[in-house]
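Here are my notes on how two chains meet. Please read them with the structure open.

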Amino acid sequence: MRITGLMDNSVSFLIGGEAGQGITRSGSLLGKALMRGGFHVFGANDYPSVIRGSHNFYVLRVSDEEIWSQGDSVDLLLALNKETILLHEDELTQGGGIVYDEQVELGEEELERDDIVLFPFPLTAAVEEMGGIAIMRNTVALGAALGLVGYDKEIMKGVIADTFAGRDRIIEMNRQAIYKGHAHAREPYDESYPCRLEPSDENPGRILPTGNDAVALGAISAGCKLYAAYPMTPASPVLHYLAAKDEEAGMAVVQTESEISAVNMVVGASYAGIRAMTATSGGGFCLMTEALGLAGMTETPLVLMVVQRPGPSTGLATYTSQGDLLFAIHASQGEFPRVIVAPGDVEECFYLTMEAFNLAERFQVQSLILTDKYLIESHKSTEPFDSERVAIDRGDLRIMEKWREEEEYRRYKFSGSGVSPRILPGTRGATVLANSNEHTDYGYTTSESEKTVAMVDKRFRKQEALREEVEGMDPVKTYGDADAQVTLVGWGSTKGPALEALKMLGREGVKARFVQVVYLEPFPSRAVGEALEGVGRRILVEANRTAQLGKLIKLHNGLAFEHVFLKYDGRPFNPGEIYAKAREALG
Amino acid sequence: MTTMQDLATPVVNTWCPGCGNFGLLMAVKRAIIQLGLNREEVVAVAGIGCHGKVIDYIKTNGLHVIHGRVLPAATAVKIANPELTVLGFAGDGDAYNIGIGHLPHAARRNIDLTYIVHDNLVYGLTTGQTSPTSKRGYRSKTTPRGSFEFGVNPLTQALSADASFVARGYAGDMHHLTEIFKQAIAHEGFALVDVLQPCVAWNRVNTYDFYKERVYKLEEEGHDPSDLDEAYRRAGEWGDRIPIGVLYMAEREEYTNSFPTLAEGPLVKQSIEGIDISKLLREFH
């Protein structure tokens, strides 16, 4: 495996065109082909909330080392229409190229750049020649891209064959399209594009999931038996995936009439004794909040992924945000313990989803997995997920035919940890009473003062136990130099661009560090305090307007940030802008 | 053999003396006993309102949820474990105001549960406001000039949602109500039983006397529950004569039978240890 980039040891492709042209699919096919040749890849999409017509694009970055986000510029633009050229020309790296259809009339005066290379290709002509349909122009462009960087087209052929297995005609058409694009890149453009990507002989066996795929696979591995959800961007792909795989996943999948129905189904299923989950985004999460209180009061385990997008209200439906952190921590009336965990990459999406199920059952609380559009829809190459790395732990759930204890079963029996034994409704010799009213240990409704206090305290003993558990399970991750001059602090998907920014700072000899807060509730103030001790200039990096993690750190650790970098235009951070803030902070 | 004693709880009942809930609850218990069900295999899911206290007064499994959300929770209990007998309890405010959005979906899914609506045509626990089933002209503190909205007709709602079992009972006729509950519980699919019940605290119109003069039994007039048109016609009756009994009943595929995963037995009994995802990972390579 060898790579020659324009700026560093990475190459960035941008595939752009109209919605409906298969942009994301093309991007992930290219990503897989490069991954199979031993490269690490990262791919992110950008699309408005329409089905057809408007501008979509997908950025794919590839490197010979692990890569965490898109870069700051584009090395090769694959333009499926003229608009893509005009919109993205200014993002091109010096010496970068544009692949476009030769039928597009592009006057030199229309371009502002004179430091880039144009590669007109017969995209439409090639498709017409083989009797294909217009959407296949993007496959020709993929072949062109591979040809320009000198990559083995047979690897892409393999990806196409696997992707469309059983549809021989589609495979053959796409193969031809790849070959045509590739051939045209060799002749007339042989070696005229400076980036080079040479595959290694062996495929290292990585996978290329999105965050959504990873969460769905994590839920399957955790033994989730019911997934109930209402379609909402950007959480819907989990529903699509699980609906398609329900048999293999051993799961019942329900598209509900509303988010309210979805979350109440999860409560019902979990009460009955199975692991269950739902996922949604801002507006749907608002609708679910009342049931979070129900789960809190009835001590019913619940797993819910909230995919953040910019609000309030409909906001930017297909863009990214970290604006719901404080809302998620406080959602629903009353006080009760819960878990908030924020994965920062696809691998964490998988393993932390498994953990979320364990914590929910062990402490009989709700686990909210807080992600965002950028994390959840982006692809990242990673080692295959290993479901054995997280052992299933259902806590004090006693699955048995008959209740044999002398004393009557009490759903809310008092205990030192606050956790009471759960049994399945249907267990002979016992009845299970879960009550949204304040209740006695059996579950009967009460409004007595002493009983109320006792039950509130019981629930909060669970929070204390949970806090200790979370502090012990790597709730804060640190990356980079221990004796840093500058430390970036963030959570969730900020991890990717922050780690890329560390690479940039490292190349210049700047000692830098990234502190990722993974568990946000119960807030791991001990781990956060340790991670933030003596770390040089601290910069808070968050995709919201009000520095919500900063508020939590101030509240729990009494630490304020001198340097704060907030972004709230719905777009993910680019490494370069984080790098620039770090430079600025260092003076 | 389940007995009345088995279904009794130590909780002091706080329903108003004379409340229709007493007759309804007694009919539910009698139905459970007469059908030979054990209390451990019954799950009562209740909403918010006077009716919601039912889970304190019947010793089965119980899940007291939030206002209007009985059906989603009850549906999922049944999906998780179809071996359980699931009874949903809701009030008219619960079922036909805030929760009516779930009714057609439970009906079209044909999930096997019995949805018992304590329909007293008034809000009880919140002190007497107009309910969705209150009739036009009903006076209360929220409609001091008399409601100018027409009441919801639960029966036509359920029929038009393709419910496979639609019945109306009367809490003042416990024996008749018991028989309806028994049929509803035995029915494989979604069963709505709307139960007319006087609210002695707030509803001065729809009293025991009001119903006593008006209710008639469908089966005594040769009603054919398989006749949908006739069911619609009878469902529209509300005046001098008010029908009670099984209005409509049809056989239709039950929801949980269609999940491939459930063919391997109840989800609660399926092991979740050692799940292998290597096959699923293939498409990501």
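1. First, a term. Two strands pair if DSSP finds at least two bridges between them. Keep in mind that this is a predicted model.

2. Now apply the term across the chains. Strand E18 of chain A, residues 433–435, pairs with E2(B). The sense is parallel, and there are three bridges. Which residue of E2(B) stands opposite A:Ala434? That residue is B:Leu63.

3. Next, the extent of the interface. Chain B brings 48 residues into contact with 70 residues of chain A. The buried area between the two chains is about 4700 Å². Carbon and sulfur atoms give 63% of that area. Three residues stand out on the chain B side: B:Ile272, B:Phe284 and B:His285. They supply 16% of the area that chain B buries against chain A, more than any other three residues.

4. Polar links also cross the interface. The count is 25 residue pairs in polar contact, with both residues at pLDDT 80 or more. The rule also finds three salt bridges between chain B and chain A. In one salt bridge, the side chain of A:Lys245 meets that of B:Glu283 at 3.1 Å, N to O.

5. Where on chain B does the touching side come from? Five elements each supply at least two residues: helix H2 (54–57), strand E2 (61–64), helix H3 (70–80), helix H5 (103–109) and helix H10 (278–281). H3(B) gives the largest share, seven residues.

6. Last, composition. The side of chain B that touches chain A has 26 nonpolar residues, 14 polar and eight charged.

How values were computed:
Residues are numbered from 1 along each chain as its sequence is written. Chains are lettered from A and ligands numbered from 1 in the order in which they are written. Side-chain values use heavy atoms; hydrogens and water are left out. Contact means heavy atoms within 4.5 Å. Buried area is the accessible area (1.4 Å probe) that two parts lose on being put together, summed over both. A salt bridge is a side-chain nitrogen of Lys or Arg within 4 Å of a carboxyl oxygen of Asp or Glu. A polar contact is a pair of N or O atoms within 3.5 Å; within protein, one must be able to donate a hydrogen and the other to accept it, and residues adjacent in sequence count only if both atoms are side-chain atoms. Helices (H or I, at least four residues) and strands (E, at least two) are DSSP runs, numbered from the N terminus. Ala, Val, Leu, Ile, Met, Phe, Trp, Tyr, Cys and Pro count as nonpolar, Asp, Glu, Lys and Arg as charged, and the others, Gly among them, as polar.
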